[in-house]
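Let's take a walk through this one together. Have the viewer open and the sequence to hand, and we'll go from the overall picture down to a few details.

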Amino acid sequence: QLRIRKQGSAGGHNGIKDIIRQLGTEKFLRIKVGVGAKPKGWDLADHVLGHFDTADRAEVEKAIGHAVEAAEMMITGETDAAMNRYNVKKKEE
């Protein structure tokens, strides 16, 4: 699932914390790609940074394609349209 935001906190994400520190503001466009809930007993970092199985990899490829489309829309000033299109949980496509 993609989430597009115009601003916001780091939400505990160290990479976003660093971007906020470097820019001196939380006001910048971002595309977040969710990886779902971590399996029971897993470390969150291991889940987020781990390898995807074949079925999950197909979903990741689809999410990457959507993120590219969203980024293109955002670059051309269509951030609200990108948010409307991608900030909803999509069923089957």
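What pLDDT does the chain average, and what share of the residues score at least 70? Keep in mind that this is a predicted model. The chain's average pLDDT comes out at 88, and 95% of the residues score at least 70. If you go element by element, H4 has the highest mean pLDDT, at 96, while helix H2, residues 44-49, has the lowest, at 80. As a rule of reading, where pLDDT is low, the predicted coordinates should not be read in detail.

Now for the layout. You'll find 4 helices and 2 strands in the chain. Starting at the N terminus, the order of the elements is β-α-β-α-α-α.

Ser9 sits in the loop that runs between strand S1 (2-5) and helix H1 (14-23). Leaving out residues up to four places away in sequence, Ser9 touches Ile16, Ile20, Glu26 and Arg30. Take Glu26 from that set: Ser9 and Glu26 are 17 residues apart in sequence, yet their C-alpha atoms are 6.2 Å apart in space. There's a local detail to look at here as well: a polar atom of the Ser9 side chain lies 3.4 Å from the backbone nitrogen of Gly11.

Then jump along to the helix pair H3 and H4. Two packed helices are described by the angle between their axes and the distance between the axes. Helix H3 covers residues 54-75 and helix H4 covers residues 79-86; they pack at an angle of about 155 degrees, with axes 7 Å apart. Angles over 145 degrees count as roughly antiparallel, so H3 is roughly antiparallel to H4. As for handedness, H3 and H4 make a right-handed crossing.

Which residues meet across this pair? On the H3 side they are His66, Glu69, Ala70, Met73 and Met74, and on the H4 side Thr79, Ala81, Ala82, Arg85 and Tyr86. Sorted by class, the contact of H3 with H4 has 6 nonpolar, 2 polar and 2 charged residues.

Definitions and conventions
Residues numbered from 1 in each chain as written. Heavy atoms only, no water. Axes fitted to C-alpha atoms, helices over the stretch in contact; angles between N-to-C directions. Parallel < 35°, antiparallel > 145°, perpendicular 65-115°, else oblique. Left-handed = near helix turned anticlockwise from the far one by under 90°. Contact = heavy atoms within 4.5 Å. Nonpolar A, V, L, I, M, F, W, Y, C, P; charged D, E, K, R; others polar. Polar contact = N/O pair within 3.5 Å; in protein donor to acceptor, adjacent residues only side chain to side chain. pLDDT = per-residue confidence, 0-100.
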